[in-house]
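Hello,

Here is the structure I promised to pass on to you. Please open it and keep it beside you while you read my notes below.

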Amino acid sequence: MSCREFIRSFRRARGAHLLAGLLFLGAVGCGGGGSTSGGSQPPSPAPTEPAPTPSGPTAWIWDLPPGFPVPLVPAENPMSEEKFQLGRHLFYEKKLSVTEDTSCSTCHEQNRAFTDGRPRAIGATGEVHPRNAQGLANIAYAPTLTWNNPNETRLANQLLTPLFGEDPVELGLSGLEDLLFERLRAEALYQELFAAAFPDEVDPFTIENLAFAIEVFELALISGRSPYDRYIYGGDEDALSEGAKRGMDHFFSENLDCTHCHGGSNFASALNHEGNQSDSTPFENNGLYNIGGTGNYPADNQGLYEFTGRERDKGRMKPPSLRNICVTDPYMHDGSLTTLEEVIDHYERGGTRIDSGPLAGDGRDSPNKSDFITGFLLSRQGKVDVVEFLCSLTDDEFLANPRFSDPFASAAD
Ligand code: HEC
Ligand code: HEC
């Protein structure tokens with residue numbers, strides 16, 4: 001695929017408000033016009049140009065936890081160790097922001113399962129994002145990306161939103177592609193990493209390659225070695241406390257029905273993997289809001305409705321994976337629930353009620369709420385147990401895995 005085709009395919013999948021920034025991207029071509037790049041890149045080196053010939057890509061070996069299927073990898077972007085390493089550096093690279101002080105990892109911190117601990121994310125220039133930063137564990141298995149966009153199905157595409165989006169500004173690089181590549185080219189480190197990751201290309205400094213490398217890093221973020229996994233797949237009876245085992249029974253019961261939307265090995269609503277590609281997410285309204293009794297959500301967060309315009313899609317969001325949920329507080333698309341106890345109370349009641357103010361209304365009575373959110377009764381101990389179970393989904397190995405950590409921090413150690 002040429003650079004322009006690549007950008008065009010981005011545009012097709014974009015949310016409307018991002019179009020402006022990306023039209024600009026399309027206008028400048030892929031490489032950002034650094035002195036040696038000059039617009040669109042040829043897919044392979046011209047025969048006269050001596051291409052850098054490192055020994056070629058290192059074969060990728062998935063180190064998957066027991067019970068985990070092989071992720072689907074886009075055919076035009078096969079995994080390689082060299083792309084992974086480039087992607088990892090770029091993910092933590094602050095030069096990827098207008099202010100040179102923000103990176104993907106600012107909002108996606110490894111020790112919080114790649115969330116940021118804030119109700120709503122804050123971009124490089126201080127702009128508050130309408131939504132909560134999502135975790136990236138097992139993102140490889142998600143058929144769609146972000147809380148509510150049904151068209152965003154590709155990681156290499158999604159990351160253009162934080163890079164170049166203008167509403168809200170996240171990394172703030174709209175219109176600054178040239179500057180971005182100037183900064184990267186100036187570093188011996190990136191000369192080496194880009195050449196190693198894309199050895200067949202005369203000038204590997206392109207948006208496409210940058211996006212592909214970060215995509216490979218993200219695809220590799222697999223998490224499945226929690227106490228729960230040791231108990232289920234490892235036969236380790238002692239991996240779970242008695243409380244967590246009781247909580248597990250509640251969680252999987254028809255009474256609570258959590259698995260209707262948070263099921264399967266990823267505790268999510270849908271699972272893509274090799275041999276199983278679905279292109280849709282069952283977006284659901286779990287009764288967080290019902291402003292004025294009309295089924296409305298706050299104006300800046302109407303969920304799937306923002307893409308379909310269908311009244312019944314108001315408040316419908318992607319049910320997140322519950323893996324590592326204990327460390328990704330606060331919860332929900334807007335961070336409005338602070339603790340897991342509050343989350344359980346929300347589901348026990350069958351929706352959240354807000355008594356006064358502009359958001360007043362009872363989510364339990366929303367005409368748009370899923371039929372599977374019906375409320376239930378659970379003892380105090382039962383709630384404690386469910387929370388304990390949810391915390392048994394924390395994969396400490398993942399949260400501290402040096403392969404996923406900040407390469408610049410470890411270099412300074
Ligand atoms: C300013 C904070 C911020 C920065 C910087 C940021 N993100 Fe995010 N990220 C978010 C928020 C907020 C969401 C939810 C977006 C939405 O629903 O519209 C999100 C969503 C995502 C998702 C979708 C996850 C899912 O479960 O569907 C991916 C993937 C992602 N970000 C990757 C990245 C990458 C890669 C970068 C760097 C290029 C990055 N993000 C930079 C805040 C940020
Ligand atoms: C009908 C589908 C559905 C059912 C059933 C359901 N959920 Fe959810 N869950 C969702 C959706 C959708 C969201 C995101 C809603 C939002 O942000 O507006 C969510 C969010 C969550 C979150 C916050 C995730 C995060 O990253 O912020 C937790 C925790 C959670 N659910 C736990 C549970 C538990 C425990 C149960 C069972 C008692 C349950 N859910 C039942 C659909 C469901």
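In α3, the residues Lys-83, Phe-84, Leu-86, Gly-87, Arg-88, Leu-90 and Phe-91 meet Leu-210, Phe-212, Ala-213, Ile-214, Glu-215, Val-216 and Phe-217 of α9. Two residues are in contact here if their C-beta atoms, placed from the backbone, lie within 7 Å. The residues of this contact divide into ten nonpolar, one polar and three charged. Ala, Val, Leu, Ile, Met, Phe, Trp, Tyr, Cys and Pro count as nonpolar, Asp, Glu, Lys and Arg as charged, and the others, Gly among them, as polar.

Helix α3 spans residues 81-91 and packs against α9 at an angle of about 95°, the axes being 7 Å apart. That makes α3 roughly perpendicular to α9. Axes are lines fitted to C-alpha atoms, for helices over the stretch in contact, and angles run from 0 to 180 degrees between N-to-C directions. Angles under 35 degrees count as roughly parallel, over 145 as roughly antiparallel, 65 to 115 as roughly perpendicular and the rest as oblique.

**How to read the model**

This is a predicted model, in which local features need pLDDT of at least 70, side-chain atom pairs count only at pLDDT 80 or more, and totals for chains, interfaces and linings use all residues. Residues are numbered from 1 along each chain as its sequence is written, while chains are lettered from A and ligands numbered from 1 in the order in which they are written.

The protein chain has 16 helices and two strands. Helices (H or I, at least four residues) and strands (E, at least two) are DSSP runs, numbered from the N terminus.

**Around the ligands**

Which residues come nearest to ligand 1? Of the 27 around it, they are Cys-104, Cys-107, Thr-146, Trp-147 and Pro-162. A residue is near a molecule or strand if its C-beta atom, placed from the backbone, lies within 6 Å of it. By class, this shell has 16 nonpolar, eight polar and three charged residues. Its largest share, three residues, comes from α4.

Ligand 2 has 23 residues around it, and Cys-258, Cys-261, Tyr-331, His-333 and Ser-370 come nearest. The shell around ligand 2 has 15 nonpolar, six polar and two charged residues.

**One loop residue**

Have a look at Asn-151 too, in the loop between α4 and α5. The C-alpha atoms of Asn-151 and Phe-307 are separated by 8.6 Å, though the two are 156 residues apart along the chain.

Best wishes
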